[in-house]
Amino acid sequence: MKQVFTRPESLKDVSTHFCPGCHHGSVHRLVAEALDEFGIRSETIGVASVGCSVFLYGYFDVDVIEAPHGRAPAVATGAKRARPDRIVFTYQGDGDLAAIGMSEIIHAANRGEDITVIFVNNTTYGMTGGQMAPTTLPGQKTSTSPYGRDTSKDGSPFKMAELLSNLDGVAFSARVALNSPKNVLNAKKMIKTAFRYQVEKKGFSFIEALASCPTNWGMSPIDANQRVTDEMIPYFPLGVYKNTANL
Amino acid sequence: MQTGTPEKIFVKGNEAVAMAALEAGCHCYFGYPITPQSDIPEYLSRELPRLGGEFIQAESEIGAINMLLGASAAGVRAMTSSSGPGISLKQEGISYMAGSELPGVIVDVMRAGPGLGGIDASQADYFQATRGGGHGGYRIIVLAPASVQEMYDLTMLAFDLSDIYRMPAMVLADSVIGQMKESVTCGPRPQTVLPPKEWVVRGRAAGEPQNVVKSLYLGDGEMEAFHWNMQARYQELADRECRWEEVQTTDAELIVTAFGSTSRIAKTAVAMAREAGMKVGLMRPITLFPFPKKAYAALSERCKLFLDIELSTGQMIDDVRLSVARDADVAFYGRPPGAGSLPTPEELFEQIKKNYRASA
């Protein structure tokens with residue numbers, strides 16, 4: 001009998017700390033599949049960020065640098081400039097990338113660093129217990145926006161895939177979701193394209209993955225999945241925002 | 001990147017730092033403009049790319065220190081430089097580098113503070129440098145040049161010590177040493193035996209262990225073990241790497257002690273005192289961390305009066321007092337940093353006379 005579904009080589013055979021219904025595991029898997037399919041695991045350096053993504057080194061079977069909160073794009077810049085022959089990717093959450101690390105991501109993108117950024121947007125700070133994030137939706141209740149995000153005081157959610165696509169340094173920017181088989185398959189394609197940009201040295205590539213956080217949203221995994229469809233995708237439209245090399 | 005030259009040349013202290021970095025094989029430099037150290041990024045932006053290295057003017061000092069972290073984790077020699085306000089911003093990254101046991105050279109050309117302060121010489125960042133500066137309880141190697149030649153030599157040494165002991169190393173200069181021009185001989189990179197960097201992230205090939213550069217220690221006892229391990233390394237540094245200069249201390253009845261630019265002025269004052277027939281010497285620590293405690297202790301076995309001079313209200317004096325014998329006195333003369341606060345040799349000579357007479 002032929003085995004048709006196995007663990008990617010780039011992932012370790014361990015269980016993760018992710019909560020039931022969390023989409024981090026799916027994103028991890030798709031990134032690992034992309035590394036496997038390009039055969040680049042042994043030349044890849046991952047840059048972990050702070051938040052639920054910090055344990056990257058525990059799950060990916062690649063060399064990893066753990067960056068300070070928000071600084072992964074700067075750390076990745078240093079690593080890539082030091083070793084331009086390596087594949088360097090960051091894996092960051094919304095608080096990490098779009099709040100404390102906004103400066104680092106904007107400037108790394110604007111310099112057109114030859115790296116791939118995987119941005120997991122679940123509209124909340126997961127690791128610290130569900131506080132308001134820069135991508136928390138208008139009216140969304142969190143532990144620090146108990147009355148709902150008030151855009152007149154907290155501003156509106158950042159649309160990072162669109163924002164970064166406006167920078168000349170960005171070669172590829174796309175937003176994907178993982179809430180349906182169709183979206184997962186498309187996410188796989190987009191993540192692979194993002195790495196293809198780096199493999200072919202065609203510039204900075206960015207993936208924003210809409211993800212669920214059932215625990216901090218106070219929802220069941222199924223309801224959380226549905227929220228991605230009902231609330232997140234309408235606000236954060238899926239699609240390719242930039243594809244300079246038409247890969 | 002061999003740039004050493006046996007001829008004497010006449011350059012600024014900041015330029016000597018940049019030249020030493022090139023000779024030391026620094027592959028990446030990341031910086032942000034700030035007076036009084038901008039000659040360093042300017043020089044390296046011109047010379048480093050020519051030699052195959054990478055120069056980035058970062059978006060901030062936070063960006064720069066984290067680029068240093070990334071480059072160092074990837075195994076190359078790398079450097080950043082800044083001054084007070086920028087060094088404060090770098091503390092986050094320095095703490096992470098210390099926690100991740102990463103080498104890397106940080107040049108701090110001190111200026112007056114706190115806050116925006118001013119661009120004049122200061123030694124008021126002694127505590128920030130020698131106590132680690134960031135969160136978590138760690139130390140970094142701190143070297144204090146007192147001449148343009150030492151800007152060159154100690155930058156070179158910082159790269160070696162940083163690699164050997166796997167911790168950040170800081171060259172702690174000030175705007176006087178950074179901006180003044182002196183003759184310097186740019187010697188070749190010393191043939192130091194360096195440990196192999198088996199820990200670098202390089203891409204995990206089949207059969208090789210996964211390398212992870214991190215500062216998160218959640219396992220039972222892991223964090224505590226890290227601290228004791230680093231404590232042992234700091235002790236090793238103290239045992240092996242203390243450097244200092246003594247001038248006419250053998251018969252001294254008063255020993256002036258100062259570091260960096262202040263020690264230059266103090267040296268002239270000591271010469272004035274000797275000419276006036278006073279038995280006065282100078283003790284100048286070159287390594288501020290590790291602090292040459294044993295050397296101070298040895299001096300204080302015989303000489304019971306020290307005069308500590310700093311461009312601050314007194315910071316190094318704590319280390320001096322902790323190092324000398326309990327029956328030795330440590331007097332202090334300080335000029336807090338700022339425009340016009342650099343003391344003259346005559347001014348320091350007066351302080352020497354005052355303390356010398358009082359002890360006679």
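**Strands across chains**

Student: Which strands of the two chains are joined by bridges?

Tutor: Strand 2 of chain A and strand 9 (residues 212–213) of chain B; two bridges join them, and they run parallel. Strands pair if DSSP finds at least two bridges between them. Helices (H or I, at least four residues) and strands (E, at least two) are DSSP runs, numbered from the N terminus. Here I65(A) stands opposite V213(B).

Tutor: This is a predicted model: local features need pLDDT of at least 70, side-chain atom pairs count only at pLDDT 80 or more, and totals for chains, interfaces and linings use all residues. Residues are numbered from 1 along each chain as its sequence is written, while chains are lettered from A and ligands numbered from 1 in the order in which they are written.

Student: How many residues of each chain are in contact?

Tutor: Contact means that C-beta atoms, placed from the backbone, lie within 7 Å. By that rule, 28 residues of chain A are in contact with 35 residues of chain B. Helix 3 of chain A gives the largest share of chain A's side, eight residues.

Student: How is chain B divided?

Tutor: Domain bounds come from an automatic or database domain assignment. Chain B has domain 1 (8–192 + 230–238) and domain 2 (245–359). Their C-alpha centres lie 26 Å apart.

Student: How many residues are in contact between these domains?

Tutor: 26 residues of domain 1 of chain B are in contact with 23 residues of domain 2 of chain B. On the domain 1 side, helix 5 of chain B supplies the largest share, four residues.

Terms used:
Contact = placed C-beta atoms within 7 Å.
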